[in-house]
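Here's a quick briefing to read with the model open beside you. Have a look at the chain first, then work through the notes by topic.

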Amino acid sequence: MTTERLTRQEIGWLLAQEARGAARALREGMVQIQKPELRDSLAPVETSLDALDDAIELLSTLQSSAAKGRRGRFDVAAMICKLAPDARIGLEPGAGTEVVGEEAELERMLHVLVRRGGGGLDTSSREVQVRRIGDWVRVSVELGPDEGPVNEVEQRWLARMATRHGGRVELEGSTQSLVLPADGASDQREMAALRKELEQAQQLGEAYARELAQVLTFGADTRPPSVIPAPPGEAMVERFDLLLALARSVAPVLRRTVEGQRADAAAVAAALGDGNELVQSIQRRVSQSHELLGELERVARCPEPDTESDLVLEELVSEVIEAAGARAARHGVRLTRGASATVRVRTLRRVLALGLRAIVDQAIAATPRDAVVTITARRSPLGAELEVVDGGPTVVGSSHADLVQSRLEPQALGRPGGVGLLVAHTAAARLGGVLELGDAGEHGFRVTLRLPA
């Protein structure tokens with residue numbers, strides 16, 4: 001191993017790695033700014049980039065073709081004693097300072113690190129600290145005087161080599177540290193990850209086992225619906241009032257944010273064109289934010305106290321279908337009415353409309369394109385009910401309450417996020433009714449708002 005500064009081969013390897021990163025960034029930048037009408041004119045540039053990639057790959061192969069030292073498990077502290085026998089070396093007895101790697105490469109990295117402490121080849125004035133911290137072995141030195149470009153190249157080479165070995169280089173004040181994974185640390189992390197995956201698989205298996213037991217108990221073709229309980233007495237009114245107050249506070253703030261997002265999206269579209277993938281991604285996120293804003297503003301506009309009135313549920317269903325038609329069209333979803341008889345109820349019309357629209361909105365978001373959301377009004381033994389069946393994935397019964405109360409991420413169950421089910425549940429409770437979730441068999445997922453007689 002050489003005891004001089006970086007060799008031509010080592011500098012060549014460093015430049016090859018940096019050239020590879022620059023070429024990759026250039027290619028990604030071309031993809032971002034590329035327009036369909038410019039695709040043919042940019043073909044020569046892509047050909048040049050391909051040639052550059054081939055040249056860099058060949059250069060990397062040549063740089064790595066030199067004979068390497070043996071690979072194995074080596075004690076970093078012992079290497080430091082060998083490289084700098086006159087230096088003051090601080091060790092923690094029994095800490096375990098072994099790492100796995102190529103002997104020649106490890107020695108070279110440690111040599112460059114120790115040499116950066118200053119003093120040239122004289123190591124008698126240097127102090128090196130070797131410590132084991134958790135799963136890492138840390139070698140630290142106090143930096144010597146800055147030597148300009150030479151120091152900068154060594155710093156970049158050392159950082160690249162540390163990354164190649166799964167470690168890193170840290171600089172804190174005048175102390176520079178080379179941090180490498182300790183021997184056995186990766187095995188321990190892999191074992192911990194495997195144990196975590198096993199625990200998750202066991203929990204998932206237990207959940208499916210419980211659900212299967214319920215299915216077998218209630219019949220092979222149906223799953224028992226889950227009635228989400230409502231708060232008792234005056235708590236229903238207080239909870240609904242709290243929802244209105246929260247929506248009235250958050251909606252104006254969110255509107256300013258959405259308007260800013262729209263302005264940013266328009267500026268990006270003007271610069272890159274509407275067909276750009278980045279522009280389309282930003283526009284999708286703006287649309288999602290706008291839909292959430294619409295839900296909160298509908299809640300904020302709901303009057304409280306509302307007055308009871310007589311209404312026909314089929315007419316309310318028609319109004320909601322018309323109001324949600326634009327949103328359904330954006331998602332490529334069709335809204336239909338199920339077979340219904342004329343059902344008259346006396347209730348809080350605006351609160352009921354708010355709850356039904358919230359259910360329909362989350363059903364639209366859950367349903368794939370070209371599928372159907374069906375809304376049905378019917379009588380029930382205890383009064384009346386509004387049922388919404390979407391084409392989205394079903395949810396195991398044990399998770400229904402957590403889904404409605406937002407105690408888990410809906411996306412983890414394949415359902416859309418948002419406040420739809422929470423708003424519907426709160427509105428149902430304000431009306432003295434309940435929200436019921438269940439499996440609609442081949443048709444998808446069912447949410448039912450039950451009203452008292």
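Of the 453 residues in the chain, 40% are buried. Keep in mind that this is a predicted model. The chain runs through 13 helices and 15 strands. Looking at contacts with a separation of 6 or more, 74% come from residues 24 or more positions apart.

**Where α3 meets α4**

- Helix α3 covers residues 76–83 and helix α4 covers residues 103–115; their axes come within 10 Å and cross at roughly 60°.
- That angle makes α3 oblique to α4.
- As for handedness, α3 and α4 make a right-handed crossing.
- On the α3 side, the residues that meet α4 are V76, M79, I80, K82 and L83. Their partners in α4 are E103, L106, E107, L110, H111 and V114.
- Sorted by class, this contact of α3 with α4 has 7 nonpolar residues, 3 charged ones and 1 polar one.
- A bit of helix geometry is handy here: with 3.6 residues a turn in an α-helix, residues three or four places apart point the same way.

**Helix α11**

- Helix α11 takes in residues 349–366, which is 18 residues.
- The rest of the structure largely encloses α11, because 14 of its 18 residues are buried.

**E385 in strand β13**

- You'll find E385 in β13, the strand made of residues 383–390.
- Is E385 buried or exposed? Its relative accessibility is 7%, so E385 counts as buried, the cut-off for that being under 20%.
- Setting aside residues up to four places away in sequence, E385 touches L313, T376, A377, R378 and S380, and also T448, L449 and R450.

**A440 in the β14–β15 loop**

- A440 sits in the loop that links β14 (434–439) to β15 (445–452).
- With a relative accessible area of 16%, A440 is buried too.
- Which residues does A440 contact, leaving aside neighbours within four places in sequence? They are V389, F445 and R446.
- A440 and D390 are 50 residues apart in sequence, yet their C-alpha atoms are 8.6 Å apart in space.

Definitions and conventions:
Residues are numbered from 1 along each chain as its sequence is written. This is a predicted model: local features need pLDDT of at least 70, side-chain atom pairs count only at pLDDT 80 or more; totals for chains, interfaces and linings use all residues. Side-chain values use heavy atoms; hydrogens and water are left out. Axes are lines fitted to C-alpha atoms, for helices over the stretch in contact, and angles run from 0 to 180 degrees between N-to-C directions. Helices (H or I, at least four residues) and strands (E, at least two) are DSSP runs, numbered from the N terminus. Angles under 35 degrees count as roughly parallel, over 145 as roughly antiparallel, 65 to 115 as roughly perpendicular and the rest as oblique. A crossing is left-handed if the near helix is turned anticlockwise from the far one by less than a right angle, and right-handed if clockwise. Contact means heavy atoms within 4.5 Å. Ala, Val, Leu, Ile, Met, Phe, Trp, Tyr, Cys and Pro count as nonpolar, Asp, Glu, Lys and Arg as charged, and the others, Gly among them, as polar. The expected span of a helix is 1.5 Å times one less than its number of residues. Buried means under 20% relative accessible area, exposed over 50%, partly exposed in between (1.4 Å probe, protein chains only).
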